[in-house]
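Morning, everyone. Let me put the next structure up, and then we'll walk through it.

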Amino acid sequence: VVIGSNSSQTIRVMNRLPADAADGEYRAHMTFMEISEDAKAPAEEAGGQTISVKINTNFGVSIPLIIRKGALTASGSIANPRIETIDGKANIVFDLTRSGNESLMGNLVATRNGVEIGKITRLAAYTSTPQREVRMPINPDKLAGQSLTGTPITLTLSPIETSRAQD
C-alpha cells in the first residue's frame, strides 16, 4: 500500500491460522516504512571513471503481532544469580529459563530489607528464546553505602496478563 504525504489510509488486518495449527503462540511483525522518492542509487558518470555514493535514511516502524491459540502454558525459573560490576556499576545478573508454548512477561523488582533496589519493567521471555541472561542495574542511592554481601536480595516477578482473543 502506498500512502501519499499528509494523507492517511485505513488498513484492516485479519489473522487466519490453519485449522490444524498446534496450540501455542505465533509471532510476526508488520513493518511500515517511509521510502524516499530519490532513494535510487546515482548512476556512474560516462566512462565509469567516477563512482559516487548517496545515503538516504528511511524511517520505519515495526509492530509485533502475537496470535495465541488453544491451551497455553508457560513457566519460568531463575538460575545462577550473582552480583556483577558492569561499567563500574553493580548489577543483579541471572539466567532466566522459559518453558511451554507461551511467552512470559512481567515486572521484576529486587528488594533488600524491604527497600526496592532495582526494577525491570516488562521483562519478556518469548517462545523463540528459551533461555536468556538478565542484567538488572542496582540503584546505588537505595543502598545508602551498605555492602551487597550478607543480606539477602529478594526478586519478585509480577506477571503481566496478556489479552487473549477467543479462539
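Is Glu133 buried, partly exposed or exposed? Glu133 has a relative accessibility of 37%, so it counts as partly exposed. Keep in mind that this is a predicted model.

Now its partner. Glu133 makes a salt bridge with Arg135, at 2.8 Å from N to O. Arg135 is partly exposed too, with a relative accessible area of 42%. Within it, Arg82 bridges to Glu84, and their closest N and O atoms are 2.8 Å apart. Glu84 has a relative accessible area of 26%, so it is partly exposed.

How many salt bridges does the count come to? Seven. One of them pairs Glu102 with Arg68, with 3.6 Å between the closest N and O atoms. Glu102 sits in the loop between strands S4 and S5, and Arg68 in strand S2, so this pair ties together parts 34 residues apart in sequence. Both residues, Glu102 and Arg68, are buried.

On to the sheet. Three strands form an open sheet in the order S6-S5-S8, paired antiparallel. Strands S6, residues 115-125, and S8, residues 154-159, are at the edges. Each has a single partner strand, so one side of each has no neighbour in the sheet. On average, neighbouring strands are turned by 20 degrees against each other, ignoring direction.

Last, the S5 and S8 pairing. S5 covers residues 104-112, and its antiparallel pairing with S8 runs over six bridges. Thr111 is opposite Thr154 of S8.

Methods: Residues are numbered from 1 along each chain as its sequence is written. This is a predicted model: local features need pLDDT of at least 70, side-chain atom pairs count only at pLDDT 80 or more; totals for chains, interfaces and linings use all residues. Side-chain values use heavy atoms; hydrogens and water are left out. Two strands pair if DSSP finds at least two bridges between them. Helices (H or I, at least four residues) and strands (E, at least two) are DSSP runs, numbered from the N terminus. Axes are lines fitted to C-alpha atoms, for helices over the stretch in contact, and angles run from 0 to 180 degrees between N-to-C directions. A salt bridge is a side-chain nitrogen of Lys or Arg within 4 Å of a carboxyl oxygen of Asp or Glu. Buried means under 20% relative accessible area, exposed over 50%, partly exposed in between (1.4 Å probe, protein chains only).
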